[in-house]
Amino acid sequence: MSQPSSSSDPETPESELEDSLNILEKPLKNGKKVSEANGEAHGLDDYIQMGGYVLLVCLAAELLILPQVSSMFYMMYAGAAPRVLSCDNTVFDSQLEGKEICFEIDRIGNCSHPNFQYQFKSINVEYNYFCDTSKLVKNSISIQMIGVLTGSIVFGQISDSFGRKIGTQFASIGMFIGWLIVVQSRNLLHFTVSRTILGFFTGGSVSVINVFIMENIPKKHRMWINMAITWSPNMPIYSLFAWIAGDWKTLAYINAFVCLPGFFFFQFFIHESPRWLVTKGKINLEDNLNMEYAKTVKQNTRKTKFSYYHLFVTPRLAITTAALAYSYWATSIINYGVLFNMEKLSGSIYWNSVWTGLMRYACNLSFGWADLKFKRIGRKFIHTSGLVIIFISLSVVVACYALHMNHEMKDVIRISILLASSMTSQIYIADGIVANELFPTPIRTIGYSFIQTWNRVGVADYWLALPFCCMIFFSLIDTFSFECLLPETKGRHLVEHMPPRHEWWFGAGKVDKIVEEEEDVGEELRPLEA
């Protein structure tokens, strides 16, 4: 086999090209058969082998995921509403739930001197927000999520245009600076603005790193690696951070510190995604990899600047985008609805978070092992089984409230809610893997970023069990849409190229112009096709 050649790009350092090139060609140098059928590679996925560099990618991912967890779960502690023990001369029954105490406060009128009980000194305690006024903090969380959603959109475009590594590093530095701004907050308005800025970079980090992982691990190991390197095992770690900190400012300083290890590790040990470099024409290898680049040229999409509307240019892409976006939306109602109201559950806010993380991780590892061991267990099975458990758990909660047994069954309600929240982890992971396996490389980060924008919605407050009824309803729709509209993707190669332009609904241009441009590159491609 002839030696691979590379064509460098002015914006890409030569050393970066060589490192990325070595990642792809290493299996061939060792003389390993990449394809069991005939010893040949049929796509970029066949060049990625399990080895030392994959382990470095996993370690880098873990170092970047911890800051993401620190940012996304911060308001679980910093926005925790305190329990009102007494109001002026009125002492409340210790058996009452938080909402029931607030109903009593509304009944008696003004509460000028409340006495709080809290496990973590949140901004609610700092600025005296409780009951009705605590909703201002919940509204602040919703505003902060706008930053996360905006960051996902912007960094999706940055990643697909300028590279996964640039996007990741930019997001990490932004998160570090953002935390230093948060600790300077003097009121809820300043806090909300600074957290929204921080959320912008957090959303960017989340949208880029998941795509980077998928592009740098073998397809056989996608599920279990994503199940093992995820948010769940970091939840107990973050609970420890919160317990040590004790207040929102100290925890913000800790969060700033955890942003640094991932940045430096990624800078010195991790290279740009070879898949992105090949697609952009920044490395051009012979044989199979050369053919991948040639296909991009032949499809007349190499110089196209892809954007979010390209997620809908064909019926299949539109259905995929809509189904995955809805799945994220429905799952997030359950996930964040529980996490940002953890203080309302019985028991310790720290231990509830720990048990949620441990239950999530136990389920993740079990399904990751099953995916690797059994051929029949694919993405759909993992997604649907999680929703079935959520449906059963939330049905128990609704039944307890409907029968007015919420006081007697508070431990059952607590366990059921935590179990439902735990199942959202495997649904997120399954959705993310399917998204990366179905979206073509030129729009992969854009696609993943788009479905991330459906990551936070709240429910009305008319009945204690109403949010859980809504969760059940949305989960049922998610189950049927995922099962009926999306294909099983286990064992599939990642999609490298956009669909041919003649299949596009819009933006395809004139057919004769496309044919003419393809004829122009015909001589260049003919030796490769041979």
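Which residue takes a positive phi in the hairpin of β1 and β2? The residue is D88, with phi near 55 degrees, in a hairpin that has two residues between the strands.

## Basis of the report

This is a predicted model, in which local features need pLDDT of at least 70 and side-chain atom pairs count only at pLDDT 80 or more, while totals for chains, interfaces and linings use all residues. Residues are numbered from 1 along each chain as its sequence is written, and side-chain values use heavy atoms, with hydrogens and water left out.

Strands (E, at least two residues) and helices (H or I, at least four) are DSSP runs numbered from the N terminus. Three strands form an open sheet with antiparallel pairing, in the order β2-β1-β3. Its edges are β2 (90–91) and β3 (114–117), each of which pairs on one side only. Pairing here requires that DSSP finds at least two bridges between two strands.

Strand β1 (residues 83–87) is joined to β3 by four bridges in the antiparallel sense. Within this pair, V84 has F116 as its bridge partner, and C87 has P114. Two bridges link β1 to β2, again antiparallel, and C87 stands opposite T90 of β2.

The structure contains six cavities of 30 Å³ or more. A cavity is a set of points, on a 1 Å grid over the protein atoms alone, where a 1.4 Å probe fits but cannot get out; lining residues have an atom within 4 Å of a point. Grid points are joined across faces, edges and corners, and a volume is the space filled by probe spheres set on the points.

The largest cavity has a volume of about 370 Å³. It is lined by 23 residues, of which N210, T230, W231, Y428 and Y448 are the closest to its centre. At least two lining residues come from each of α2 (52–72), α8 (188–215), α15 (315–339), α18 (410–438) and α19 (444–452). Helix α18 gives the most, with six residues. The lining comprises 13 nonpolar, nine polar and one charged residues, where Ala, Val, Leu, Ile, Met, Phe, Trp, Tyr, Cys and Pro count as nonpolar, Asp, Glu, Lys and Arg as charged, and the others, Gly among them, as polar.

## A nonpolar surface patch

On the surface, V388, F391, I392, V396, V412, L476 and F480 form a nonpolar patch with about 570 Å² of accessible area together. Helices α17 (379–402) and α20 (466–485) are the elements that give two or more residues to this patch. The most come from α17, with four residues; I392 lies in this helix.

Patch residues have over 30% relative accessible area and no salt bridge, with nonpolar side chains (Val, Leu, Ile, Met, Phe, Trp, Tyr) joined within 5 Å and like charges within 9 Å. Accessible areas come from the Shrake-Rupley method with a 1.4 Å probe, and for residues only the protein chains shown count as cover. A salt bridge is a side-chain nitrogen of Lys or Arg within 4 Å of a carboxyl oxygen of Asp or Glu.

How values were computed: On a 1 Å grid over the protein atoms alone, a cavity is a set of points where a 1.4 Å probe fits but cannot get out, and a pocket is an open set with protein on both sides within 12 Å along at least five of seven lines; lining residues have an atom within 4 Å of a point.
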